[in-house]
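Hi,

Here is the structure I promised to pass on.

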Amino acid sequence: MSLDRRKFLGITALSSATLLTGSTHAHEIESKTDEVYGVLVDTVVCIGCRKCEWACNQEHGLSDKDLKSYEDKSVFKEHRRPNASAYTVVNEYRDPADSSKAYSMKVQCMHCNEPACVSACIVGALEKNELGSVDYDAWKCIGCRYCIIACPFQVPAYEYENPLTPQIRKCTFCHERVAKGESPACVSICPNEALTFGPRSKLIDLAHSRFKANPGRYHEHVYGENEVGGTSWMYLTAVDTKHTELPVLSAAPLPPLTEIIQHGIFKSFVPPLALYALLGLIMHTIGDKNEEQEVKE
Amino acid sequence: MTYKKLSLLFIAVVMIAISGSVFGVAQNTHNSELDKINCLECHTCPTPNAQDMCLKACPSVLQPEMKAAHTLVEAPDTFLIDELTDLYQPVTFNHKLHADMAQMGGDCGTCHHFSPPGHIPPCSDCHGGEKNPSNLRQPSLKGAYHRQCLSCHREWSHETQCILCHLPTEGKPLSVGFDSTDILGISHPVVTVPDKLVYRTPYESGPVVTLHHNEHIDLFGLRCVDCHKQENCSYCHDMDKETKITKTDEEIHAVCNDCHLEERCDKCHDTVEKPAFSHASTGWALNRYHKGAECRACHPTGKKISKLNRRCSACHSGWNSDNFDHAVTGLRLDEIHIELDCEDCHTDLAYNKAPDCASCHDEGTNPKETPPGEYLRR
């Protein structure tokens, strides 16, 4: 009996340890986030020239419209969102206290530190690159579009008009350029340097130094520093971000919640086995007792 | 003893290492980190040495922001910014105009945030063509230029279009719908142009000078800069009115005298406000066809308007019986008369008068009584 008791404790300890591995997974990524690259979008400096849109479309062969057509500011009249043929768009937001003050805001994939889309992808077609980008592999994708539902920023778009080889389309963070040590196409074209590319931790320092150097000019909150566990792309705004199109999100990363349940239960198939072992053990001990009783009788 | 010596040696080695990394000049002590740095980022000469470090004058820990006073004569009036020419043509920068503006505020230091005495370094001395990854706070040259311009342009004119400064490289220059050499062409909020200005002058026998401003522009086809020659931004945007320079009598009259050469005082000065110009005062009231025409259409010389030959053919030399629609005069000619040459009826080429029918109709016909066609209005 004493041997059985020791075995039982051992098995429960093992099974609880495997259940916890789900949460340690998240911590592994977190420890890397200071080394990843990011982009700081300073909407106070942005002049809304839309050159980033042009550069992005050129880089990814999305549109062959000439540079001149991007001078058209009338597009700001309507609120646009990134779609399958535009990975980034520039919108306008206004100061609620003074509606004459307009600021421009570039929108694209935020490349979260702990991306919900990666977590939601059931085939691993989306992956967080160690350089910071959330990469998409069209060959693995089965087109379930769970990523679209999972993304808190509503970024991934789907090629609905392409019936044969539809893909998920979103900002790639120009990961090939970044791997070569270059900055993304939008960043390198930005005339006013409203976009700054660099190691994420340095960008956070930069953001706080701008608050310090320009008192009153910014709403002193680096959007993306902590939102959903931090994002590679971060924003500085003139007004509270709730007046912009950036969604109000808590600092808690989204994946762990579902992952602890989903991944934990099925991690390496140990928990199910452990459960069956436990049940077996219970049956075994009960069976033993019955046998003993039978023997006694 | 040996312990002390060793520690002294150690301190010396550390000092050398620190000085080497601070100045980055001692070639022998270059470590692998320094090898990655382009010498020309900090030095003006390719081979700096301990004697001649040729360090660029850039803001640093040793030399923080510095703004010395400079006189405007040191700088050219305009220059071409072409270091980064890529998507657009180089920018012609009117330095004088901007310097004038800066004098209302922070002087040269408004833009030249680091200007040590004796020399204003060009932006490219400190701001590199590529963003410096080790100092993300410092904008690259492109960022430095654009931020310098746009921070004010956005605030003052709310215009951030690229084509306000740049012309596109391909094809013809973009038509941006204005003449950038004139005041109204400069990116600027709407300028209210006064219709009439009345000046009270100390001239006793004619204290009132009336300027029908818009009429002057229309009459003579003037551009703002034709009269407003030496005016800079501070003329309107002077924040300190106390120090506004008062003009001498000569300077005040110079604006008018450029055109009104040797004119009598009463041309402008009067005891009452002068009425606006009426063409009827010349003895030739404009008819309905001429009323809408711009003065320049008939008086093309611009500044000096002289009397014109009143004969229609003096201007409308191309008119003949084939291409002139006589109905516009109010008389549609009948089949017989429309075949005639103009001069057949208007014998003396005086088209403003009714013709003398007697040249053909010897019985003395009056065109009013027996018309040569149909009168469209009476």
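Before the notes, one term: I call two residues in contact if their C-beta atoms, placed from the backbone, lie within 7 Å. Please also keep in mind that this is a predicted model.

Leaving aside residues up to four places away in sequence, A:Cys117 touches A:Leu126, A:Val134, A:Cys147, A:Ala150, A:Cys151 and A:Pro156. A:Cys117 also belongs to the largest nonpolar core, which has 66 residues. Among those with the most contacts inside that core are A:Cys117 itself, A:Leu126, A:Cys52, A:Cys186 and A:Met234. As a rule, nonpolar side chains in soluble globular proteins tend to be buried together.

A:Arg50 sits in the loop between strand S1 (37-42) and helix H2 (51-59) of chain A, and its phi is near 65°, a positive value in a residue other than glycine. Is A:Arg50 buried or exposed? It counts as buried, because it has 22 C-beta neighbours inside 10 Å and the cut-off for buried is 20 or more.

The other one is A:Val228, in the loop between strand S9 (219-223) and strand S10 (233-237) of chain A. Its phi is near 40°, again positive and again not a glycine. With 23 C-beta neighbours inside 10 Å, A:Val228 counts as buried.

Last, the contact between the chains: chain A puts in 15 residues and chain B 17 residues. On the side of chain A that touches chain B, strand S8 (195-199) and helix H7 (200-213) each supply at least two residues. H7(A) gives the most, with 3 residues. By type, that side of chain A divides into 6 nonpolar, 5 polar and 4 charged residues.

Cheers

Terms used:
Residues numbered from 1 in each chain as written. Chains lettered and ligands numbered in written order. Predicted model: local features only at pLDDT ≥ 70, side-chain atom pairs only at ≥ 80, totals over all residues. Core = buried A, V, L, I, M, F, W, Y, C linked by C-beta atoms within 7 Å. Buried ≥ 20, exposed ≤ 12 C-beta atoms within 10 Å, placed from the backbone. Helix = DSSP H or I, 4+ residues; strand = E, 2+ residues; numbered from the N terminus. Nonpolar A, V, L, I, M, F, W, Y, C, P; charged D, E, K, R; others polar.
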